[in-house]
Amino acid sequence: MTSQKIGIYPGTFDPITNGHADIIGRAARVLDKLVVGVAINPGKGPIFTIDERVELVREEIAHLDNSNGGMIEIIPFQSLLIHFAREVEATVIVRGLRAVSDFDYEFQMASMNAKMAPDIETLCLMASDKYHFIASSLVKEIAKLNGDVSQFVSPRIQERLSERLGG
Ligand code: ADP
């Protein structure tokens, strides 16, 4: 049993937005180690493959590593979240809460996970005011219609979105 406080931040990250990156940086500051769990999630019909999503997360947070306190690892996963959490010895599940609309789902998921794994705590970080309205799904909709997403994602992600979706 490790004495390190390890957290896991699971998501689809299709693609990673400024909002996700903000949560990663903040969570890493309060944990010894943060595992960003990129869910393979074929059911959500991601536009980027699992390898692409992992790579994009890696590129986006490269500047956070070492300078930000806790270490950060990025790992794809397909299993039940609490099983994956146990695999990486995480005792904390990190989620980002944007609006009241996120609350119901997050509350229900946290409660079910707590029933199955009472030793694993869900920790919700409030979205920063700068990013609370950003959702990957809307970013993709805007990019598909050739809208400007530069306020929501990094220039690198913006470019990848227009390669993938732009006309
Ligand atoms: P999922 O498929 O689990 O919803 P997402 O990649 O959409 O995966 O989101 C992963 C987590 O990041 C969720 O907890 C979500 O609420 C949070 N999140 C998404 N966008 C933001 C944002 N702009 N600010 C803060 N948290 C966010």
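Which of the 17 residues around the ligand come nearest? They are Tyr9, Thr12, Lys44, Gly96 and Tyr131. The model is predicted.

**Ligand site**

- Thr12, one of the residues that come nearest to the ligand, has a polar side-chain atom 2.6 Å from an oxygen atom of the ligand.
- Lys44 is also among those that come nearest, and a polar atom of the Lys44 side chain lies 2.5 Å from a ligand oxygen atom.
- In the side chain of Arg98, an N or O atom is 3.3 Å from a nitrogen atom of the ligand.
- On its own the ligand has 550 Å² of accessible area, and the protein covers 90% of that area.

**Strand β1**

- Strand β1 spans residues 6-11, and six of its six residues are buried, so the strand is largely enclosed by the rest of the structure.
- Ile6, Ile8 and Pro10 point one way from β1, while Gly7, Tyr9 and Gly11 point the other way.
- β1 pairs with strand β2 (residues 33-39) in the parallel sense, over six bridges.
- Within this pairing, Gly7 stands opposite Leu34 in β2.

**Surface patch**

- A nonpolar patch on the surface is formed by Leu80, Met112 and Met116, which together have about 300 Å² of accessible area.
- Met116 lies in helix α4, which covers residues 100-116.
- Met116 counts as partly exposed because its relative accessibility is 43%, and partly exposed lies between the cut-offs of under 20% for buried and over 50% for exposed.

Notes:
Residues are numbered from 1 along each chain as its sequence is written. This is a predicted model: local features need pLDDT of at least 70, side-chain atom pairs count only at pLDDT 80 or more; totals for chains, interfaces and linings use all residues. Side-chain values use heavy atoms; hydrogens and water are left out. Patches are made of residues with over 30% relative accessible area and no salt bridge: like charges are joined within 9 Å, nonpolar side chains (Val, Leu, Ile, Met, Phe, Trp, Tyr) within 5 Å. Accessible areas come from the Shrake-Rupley method with a 1.4 Å probe; for residues, only the protein chains shown count as cover. A salt bridge is a side-chain nitrogen of Lys or Arg within 4 Å of a carboxyl oxygen of Asp or Glu. Helices (H or I, at least four residues) and strands (E, at least two) are DSSP runs, numbered from the N terminus. Buried means under 20% relative accessible area, exposed over 50%, partly exposed in between (1.4 Å probe, protein chains only). A residue is near a molecule or strand if one of its heavy atoms lies within 4 Å of it. A polar contact is a pair of N or O atoms within 3.5 Å; within protein, one must be able to donate a hydrogen and the other to accept it, and residues adjacent in sequence count only if both atoms are side-chain atoms. Two strands pair if DSSP finds at least two bridges between them.
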